[in-house]
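Look at the model below.

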Amino acid sequence: MLNIALPKGRLGERVYRMLKQAGYPCPELEEPDRRLIFENPEAGVRYFWVKPSDVTIYVERGAADLGIAGKDILLENRPELYELLDLKIGVCRMAVAGPAGFEDHRERVLRVATKFPKIAGDFYAGKARDVELIHLNGSIEIAPILGLSDVIVDIVETGKTLAENGLVVLETVCSISARLVCNPSAFRFRHDEVRMLTECLNSQIE
Ligand code: PRP
């Protein structure tokens with residue numbers, strides 16, 4: 001069976017529906033209980049729900065052959081795995097945001113609060129801008145309000161969280177979406193199964 005790590009939550013449920021349509025259903029998974037591992041030997045799949053930011057850990061270490069991870073996690077953690085498909089769902093963008101009318105004075109070090117220090121660091125290094133990165137784990141939007149940082153680098157989906165906290169997008173860093181990722185050994189040694197699933201899933205992408 002192919003072991004597939006699904007990100008727990010709405011995105012994972014959507015991905016499962018695509019996999020089901022693609023010919024990889026798992027009736028056990030649709031039952032309302034709290035189990036985390038489900039299998040359907042007939043379809044040749046075992047699914048498990050994991051925290052979205054942990055998907056790449058399972059895939060990189062081979063506990064999962066395949067997984068679905070956001071491009072944000074891939075850019076931030078740079079795991080050693082293959083990216084096989086852009087599923088074109090979970091679409092959002094990574095952006096710099098701050099108070100409306102914010103002006104960056106280059107003679108001062110810019111204080112940037114973020115959950116994504118590597119992405120933010122690369123972005124500003126590319127502009128040769130000196131920054132102080134402040135690594136937070138959530139509720140990033142309050143950092144500029146409380147004077148902890150000048151700006152934030154964070155995910156913007158609908159823009160509602162920014163708007164409701166009086167912030168605006170200042171610059172877009174990159175676009176983000178969900179990707180099908182594969183363990184390199186599984187790609188080599190289970191190539192036919194992996195390729196078949198990838199092709200079937202590809203046919204479900206809108
Ligand atoms: C994410 C992100 C923003 C929000 C953006 O937060 O960090 O806060 O979603 O979505 P929106 O543009 O649709 O409002 P998440 O829900 O992951 O919470 P956290 O940052 O506090 O962990």
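Two strands pair if DSSP finds at least two bridges between them. Helices (H or I, at least four residues) and strands (E, at least two) are DSSP runs, numbered from the N terminus. The model is predicted: local features need pLDDT of at least 70, side-chain atom pairs count only at pLDDT 80 or more, and totals for chains, interfaces and linings use all residues. Residues are numbered from 1 along each chain as its sequence is written, and side-chain values use heavy atoms, without hydrogens and water.

Start with the open sheet. Its five strands follow the order E8-E7-E9-E6-E10, with mixed pairing. Strands E8 (131-135) and E10 (167-176) stand at the edges; each has a single partner strand, so one side of each lacks a neighbour in the sheet.

| Pair | Direction | Bridges | One bridge |
|---|---|---|---|
| E6 (residues 92-99) and E9 (residues 151-156) | antiparallel | five | Val 96 with Val 153 |
| E4 (residues 66-70) and E11 | antiparallel | five | Ala 69 with Arg 179 |
| E5 (residues 82-86) and E11 | antiparallel | four | Leu 85 with Leu 180 |

Now take E11 (residues 178-182). Five of its five residues are buried (under 20% relative accessible area; exposed is over 50%, partly exposed in between, with a 1.4 Å probe and protein chains only). Ala 178, Leu 180 and Cys 182 lie on one side, Arg 179 and Val 181 on the other. In a regular strand the side chains alternate between the two faces of the sheet.
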